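Subject: Structure handover

Hello,

Here is the structure for you to look through. Please open it first, then read my notes below.

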Amino acid sequence: MSDWSQIIVRSFIFLFVLFIMTKILGKKQISQISFFEYVSGITIGSIAGEVIMGLDGNIGHGILAIGIFGLVTLSVGFISLKSNSFRDFVEGKGTIFIKDGKIMEDNLKKEKYSTDELTTLLRQKDVFNLADVEFAVLEPTGDISILLKKENRPITPKDLNVKVANDKVPQTVIRDGQIVYDSLASAGKSLKWLTDEIDKLEVTMDNVFYGQVDSYGDLTVDLYDDKMKQPTPQTRPLLMAMLKKCQADMEIFELETESESAKNMYKKNAKKLNDAINTLSPYLSN
Amino acid sequence: MTVISNVKQSLSTIKGIESQLSILALNSQDPEAQKTFHEIMNMMNDIKKDLQVRVNEMMLEEPQYKGS
């Protein structure tokens, strides 16, 4: 066999071997969180490259070496699941760089990071002011994780004491124009419901490229025809508008009527509707 | 537009709201949302009854409004 046909065959073989190996090792290998995965990642790659290009090398030997590296990484993963101390040793622990807003110089020195490198890492996380940081830790991956001081953290509805509705994961029911029956079932909807909703939006099923159901059972669609105006679900904002109109009507009736009992009744109901508007506003706003 | 027709209009809007809420209560995935929609739906039902009573009263007081 000529050299170049050898290379073609070897390339395909190792492409396949590496693919199988990464499939077995799983997503953890790709994220390279632990030190061990980092090392094995580099080595497996270079063994494959070496055997593909160095034609003197034996294919079997290459596969054997890759297999050993894969096996060891896999077993290290299993053992570290069982043993905490082993995990700390193999995967390494995070090093605290900033604690209570103060830089830990000793830890910085231990990891051989200069102050400039620390500020670079902080800036990559959009932190320019050291005074904003409460706690920062260097993860085994080499990333830095930062806890900002409370006043510098983004404001959340909880901080504002605002009640918000809980959202469930939206289900993709139409993907590339095809109905996804599994997600339709997990959204608790039938095919009949889907066709009805699409009719309500006044589009045809053929024109829908992508469709999602949110936690209120509203269907949002994206159409193939981008020139057409995208229909948006309007039921909930419309309901809010109706509620507000009724509330205003009750107040008007209250002023218009002369009967005392009717006045009271309108007043009571206007208040009830007001309560309803307040209770529903987290659920009815888009 | 007479007063009674205005009240009747409101009554039917309330009915519409009630049915919308019932649909939302059935379609929502979140139990908390379902509960809230259901509660408000019952509230609307009370308002609906009150308004219905008022419409009946008005019709008795002013029989000429019956048709409108």
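Which residues lie nearest the centre of the largest pocket? They are E197(A), K200(A), G217(A), D218(A) and T235(A), among the 17 residues that line the largest pocket.

Some ground rules before the rest. This is a predicted model, where local features need pLDDT of at least 70 and side-chain atom pairs count only at pLDDT 80 or more, while totals for chains, interfaces and linings use all residues. Residues are numbered from 1 along each chain as its sequence is written, chains are lettered from A and ligands numbered from 1 in the order in which they are written, and side-chain values use heavy atoms, with hydrogens and water left out.

**Pockets**

A pocket is found on a 1 Å grid over the protein atoms alone: it is an open set of points where a 1.4 Å probe fits, with protein on both sides within 12 Å along at least five of seven lines. Lining residues have an atom within 4 Å of a point. Volume is the space filled by probe spheres set on the points, which are joined across faces, edges and corners.

The largest pocket has a volume of about 380 Å³. Two elements give two or more residues each to its lining: α9 (191–200) of chain A and α1 (3–27) of chain B. Helices here are DSSP runs (H or I, at least four residues), numbered from the N terminus. The lining of the largest pocket holds seven nonpolar, six polar and four charged residues. Gly counts as polar in this scheme.

The second largest pocket has a volume of about 290 Å³. I33(A), F35(A), E139(A), P140(A) and T141(A) lie nearest its centre. α5(A) gives the most to this lining, with three residues.

**Where the chains meet**

In all, 36 residues of chain A are in contact (heavy atoms within 4.5 Å) with 29 residues of chain B. The two chains bury about 2,700 Å² between them, 67% of it on carbon and sulfur atoms. Buried area is the accessible area (1.4 Å probe) lost on putting two parts together, summed over both. In chain A, L239(A), K272(A) and Y283(A) lose the most area to chain B.

There are three salt bridges between chain A and chain B. A salt bridge puts a side-chain nitrogen of Lys or Arg within 4 Å of a carboxyl oxygen of Asp or Glu. D30(B) and K168(A) form one, at 3.4 Å, N to O. On the side of chain A that touches chain B, α11(A) gives the most, with 13 residues.

Best wishes
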